[in-house]
Amino acid sequence: EPTQDKAVLLAFISRVPHEPRVQWNANASACGWVGVTCDSGNTSVVALRLPGVGLVGPIPAGTLGRLTSLRVLSLRANRLSGPIPDDLSNLTHLRSLYLQDNQFSSGIPPAVSRLGRLSRLDLSGNNLTGEIPFSINNLTHLTGLLLERNRLSGSLPSISIDSLVDFNVSNNNLNGSIPPTLDRFPESSFAGNLNLCGAPLPPCSPFFPSPAPSPAENPAGGSKSSKKLSKAAIIAIAVAGGALLLVALLLLLICWMFRRRERQRREKAKKGVGAAAAGRSGETVITSSSKEEMGGAGGAAEGERNRLVFVGKGGVYSFDLEDLLRASAEVLGKGSVGTSYKAVLEEGTTVVVKRLKDVVAMKREFELHMETLGKVDHPNLLPLRAYYYSKDEKLLVLDYLPGGSLSSLLHGSRGSGRTPLDWDSRIRVALAAGRGLAHLHTAARLVHGNVKASNVLLRQDLESATLSDYGLHPLFGSSAAPNRVPGYRAPEVVQTRRPTFESDVYSFGVLLLELLTGKAPNQAALGEDGIDLPVWVRSVVREEWTAEVFDVELMRYPNIEEEMVQLLQIAMACVADVPDARPVMPEVNRMMEELLNRTEGDDALRGSSDDRSKGPSTPPIATTP
Ligand SMILES: Nc1ncnc2c1ncn2[C@@H]1O[C@H](COP(=O)(O)OP(=O)(O)OP(=O)(O)O)[C@@H](O)[C@H]1O
């Protein structure tokens with residue numbers, strides 16, 4: 001009799017409501033219970049199968065994770081909810097895990113990737129969110145990975161598990177191109193993901209073709225199918241192949257002729273209309289620039305297709321739409337207003353192309369707004385370089401900043417060799433973002449509308465961190481929620497659906513709280529977990545004004561508690577419920593500058609700690625606009 005396992009099972013079943021069918025008699029041997037299988041010596045439970053028995057609610061922690069001899073765990077078709085418990089990682093003998101058709105939420109826990117002997121993992125038909133972890137590759141014995149019908153997001157990682165036979169991620173919210181390691185699976189494995197593209201699904205947008213297939217793939221049809229093809233099929237394939245080749249050749253010819261004509265036309269335009277190319281003030285129209293193509297009513301679809309409009313200081317770049325079309329592109333991520341790509345042009349320039357979705361602004365309105373955004377010029381605001389507008393595509397071209405975002409620096413895989421962001425750096429980044437925002441409010445008179453950590457992009461010099469994605473909300477109309485990540489959204493915006501200077505200050509306050517606590521605000525709209533930081537901080541502080549709030553990674557720096565408390569006070573002022581009670585951005589910056597000056601003054605007293613070797617301290621800060 002497996003006494004210990006029996007106690008665990010009883011603890012589980014007593015805490016999880018279920019149908020009366022499962023009646024485990026505590027006086028009988030657990031090895032005879034419905035759904036329970038023991039090893040041959042009846043010393044441990046090796047399989048627990050309770051499909052469709054009406055289990056409701058979360059799996060209590062410290063229960064099933066203690067059945068360490070389990071090889072099969074099947075709880076499919078119940079109403080289990082909450083996160084998949086982390087302690088399942090103790091089940092190192094597990095071969096099959098069937099949790100499909102429940103209501104599990106949160107992400108696929110890293111624990112699952114530690115079940116190295118797993119051969120079947122079925123988590124389909126739940127409410128799982130977040131990305132599919134790359135670490136799933138640790139499951140080298142996996143034959144079935146079934147994740148369909150969830151709410152998984154992000155791009156598909158390159159899963160290269162040779163043993164995998166069944167793979168399904170259909171009906172999720174995945175985006176980007178299907179990695180070549182997975183293109184052997186049928187279309188149905190990927191269907192129902194609006195933004196997934198590339199073989200076996202239709203090719204990615206002509207703007208950003210999926211990465212070129214590796215030469216090793218698909219070796220002469222060989223191992224994919226062992227079935228022999230019939231003669232008729234071979235003839236049909238040969239004929240179709242020939243026809244395709246002919247069409248391809250024709251297309252090539254048309255392309256070549258088109259390009260030649262284009263080149264000739266551009267040369268003519270350069271010579272003749274040169275100056276006219278810089279039509280409206282501050283805007284340069286590259287590409288074909290004959291007048292009727294510059295947007296007149298008769299402006300021909302061809303003109304529209306070829307117009308990449310450079311704005312502001314966009315002239316630092318010298319590429320055109322054709323170059324952009326030829327660029328190799330990589331998905332950086334899918335945000336609330338579209339997908340961002342890193343595009344490397346043939347001549348070596350790297351830019352970010354943001355493909356906007358759900359734009360409601362009409363062409364003229366869009367153009368005028370782009371001109372306004374193009375004029376924004378401040379070292380802490382990412383400049384818009386160019387845009388493209390057509391009926392089906394709206395693109396923004398921006399500088400690529402390789403330093404990543406504040407969000408990835410703060411939350412990206414903690415504890416695994418990442419250098420934590422020290423205190424000084426946090427204040428500096430906050431101030432840089434604050435200055436950008438103040439300029440936007442006071443000089444450009446623009447509302448940002450999307451202040452959040454993933455929109456603070458870093459440069460080596462932290463004081464040059466820049467805010468991105470500003471002022472885009474007018475393009476999307478009021479049906480789209482402004483600042484779509486709920487954790488940063490000011491309470492009044494939920495109703496008004498219109499971001500304001502004050503709501504920007506609120507979002508900035510949340511950003512400060514994020515820097516102080518190291519915790520990510522609620523990203524539910526993007527399928528990630530998090531908390532309502534202002535509510536959480538208020539509740540902790542109400543209990544007792546306490547160091548509990550602060551990021552543990554900050555605890556190693558001596559004598560900074562007072563400064564942290566001061567920044568916390570600034571942050572709490574920014575997240576006041578009443579918009580009018582919030583300070584304006586220049587005031588927020590003034591308070592932070594005071595704090596930083598004091599920090600620098602105190603540096604000598606504090607002595608340098610090991611992680612303060614980030615470079616020489618920066619020059620005194622210029623006053624904010
Ligand atoms: N110019 C850039 N240089 C480098 N990385 C960038 C740049 N712009 C965006 N990124 C990164 O690419 C990812 C996706 O960005 P994107 O702006 O599309 O979405 P987001 O910031 O998460 O959401 P939103 O669209 O609401 O701003 C983010 O991790 C972001 O930090």
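In what order do the three strands of the open sheet stand, and is their pairing parallel or antiparallel? The order is 3-5-7, with parallel pairing. Two strands count as paired if DSSP finds at least two bridges between them. Helices (H or I, at least four residues) and strands (E, at least two) are DSSP runs, numbered from the N terminus.

This is a predicted model: local features need pLDDT of at least 70, side-chain atom pairs count only at pLDDT 80 or more, and totals for chains, interfaces and linings use all residues. Residues are numbered from 1 along each chain as its sequence is written.

Strand 3 (56–58) and strand 7 (103–105) are the edge strands, each pairing on one side only. Strand 3 pairs with strand 5 (residues 79–83) in the parallel sense over three bridges. Glycine 57 stands opposite leucine 80 in strand 5.

**The ligand shell.** The ligand is surrounded by 20 residues. A residue belongs here if its C-beta atom, placed from the backbone, lies within 6 Å of the molecule. Gly333, Gly335, Ser336, Ser340 and Ser405 are the closest. Strand 16 (328–334), strand 18 (350–356) and strand 20 (394–399) each give two or more residues to the shell.

**Helix 12.** This helix covers residues 561–574. At 1.5 Å a residue, its 14 residues should span 20 Å, and its end C-alpha atoms are 20 Å apart, which agrees. The expected span is 1.5 Å times one less than the number of residues. Met564, Leu567, Ile570, Ala571 and Cys574 are buried. They cover an arc of only 120 degrees around the axis, so they sit on the same side of helix 12. That arc is taken from the directions from the helix axis to the C-beta atoms. Glu562 and Gln569 are exposed, on the face turned away from the buried side. Buried means 20 or more other C-beta atoms within 10 Å of a residue's own, exposed 12 or fewer, and partly exposed in between, with C-beta atoms placed from the backbone.

**Backbone exceptions.** Most residues other than glycine have a negative phi, and most peptide bonds are trans.

| Residue | Phi | Other C-beta atoms within 10 Å |
|---|---|---|
| Aspartate 101 | near 55 degrees | 20, buried |
| Aspartate 358 | about 60 degrees | 13, partly exposed |

Aspartate 101 lies in the loop between strand 6 (96–98) and strand 7. Aspartate 358 is in the loop between strand 18 and helix 6 (363–375). The peptide bond from alanine 199 to proline 200 is cis, with omega near 5 degrees. Proline 200 is in the loop between strand 13 (195–197) and helix 3 (231–273).
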